[in-house]
Amino acid sequence: MTRIPKVGNYRLDLEALRVLRHRYDARRCSERGCCCSTYEVVIGKRELDRITGWIPLAAQYQPGLIEDGALQNPFDQLERSLWSLDTDEDGTCRFAYRWADGQTRCSIHSAALEHGHDPFRTKPRSCALWPLAVSEGRHPVLSVADDAYTFPCNIRRRRRDPVLDPTVVEVVEQAFGKKFAADVVEACEAAKG
Ligand code: SF4
C-alpha cells in the first residue's frame, strides 16, 4: 500500500499538487471569471473577528462597505459559528474592488499591505490558500481546488515533474509559513522514488 505523505496534520495530495502551476495575474481575472466571484467564502468566529477589525480600512478601497456613512455588515450567518462573506448581485465578494486598470483586487489584502500586515494572514484562510484547498475532517488533505483549471491563472504542467512548481511552493508558504512549505517540499522529494 502506498504511504500518503503527511506534514503536520495534513496529508498531501502530491499527484494534484505536482501538476499545478499558478500564475496570478489580476488583469486576467475578468477573462473567464474570477475566484472572488465564484466561491462562497465560509469563515469561523476567529476569522470573523479578525476581518471585522479590518472593515474600516478595507472600506477605503471598497467604498461599498459603507452606506449612508455607516459600515455595512458584509457577512451572512450560516450557522451558530459559521458565516459566509456577502456578495453583490453579480456574486462578487463584497470585499473585492476594481482597480483603475480593470484588475480585480481584494480590499482586505490591499489594506493589510498598506498597514504592514501579512495579507495572507489577514484575509480568509481559504482565499489565502487558493488555488489550493484543504478538505474538512480529522485528517485534512492539502490538494488543488477541484475547479482550479477553469481559471486562466492555473495551468497543468505538461511534463510530469516529481518536484513541486515554485509557484505552488509560494502559495503553500504564504498560507502556512516557510517551515511548513519546506516540509512539504521535503515530503515531495522523499516520495519521488
Ligand atoms: S475576501 Fe478578498 S480574496 Fe477573498 S473572495 Fe473576498 S475579495 Fe476575494
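Strand pairing around strand 8

Let me begin with strands 7 and 8. Strand 7 (residues 75-79) and strand 8 are antiparallel and are joined by four bridges. This is a predicted model, in which local features need pLDDT of at least 70 and side-chain atom pairs count only at pLDDT 80 or more, while totals for chains, interfaces and linings use all residues. Residues are numbered from 1 along each chain as its sequence is written.

Two terms need their cut-offs. Strands are DSSP runs of E with at least two residues, numbered from the N terminus. Two strands pair if DSSP finds at least two bridges between them.

Strands 7 and 8 are connected by a hairpin through two residues. Within this pair, Gln77 has Trp83 of strand 8 as its bridge partner.

Strand 8 is also joined to strand 4 (residues 42-43), by two bridges and in antiparallel fashion. Which residue of strand 8 is the bridge partner of Ile43? That partner is Trp83.

I turn now to the faces of the strand. In a regular strand the side chains alternate between the two faces of the sheet. In strand 8 (residues 82-85), Trp83 and Leu85 form the covered face, whereas Leu82 and Ser84 form the uncovered one.

Elsewhere, an open sheet of four strands has the order 1-2-12-11, with mixed pairing. Its edge strands, strand 1 (6-7) and strand 11 (132-134), each pair on one side only. Strand 2 (residues 10-12) runs parallel to strand 12 (residues 141-144), with two bridges between them. Here Leu12 has Leu142 of strand 12 as its bridge partner.

Definitions and conventions: Buried ≥ 20, exposed ≤ 12 C-beta atoms within 10 Å, placed from the backbone.
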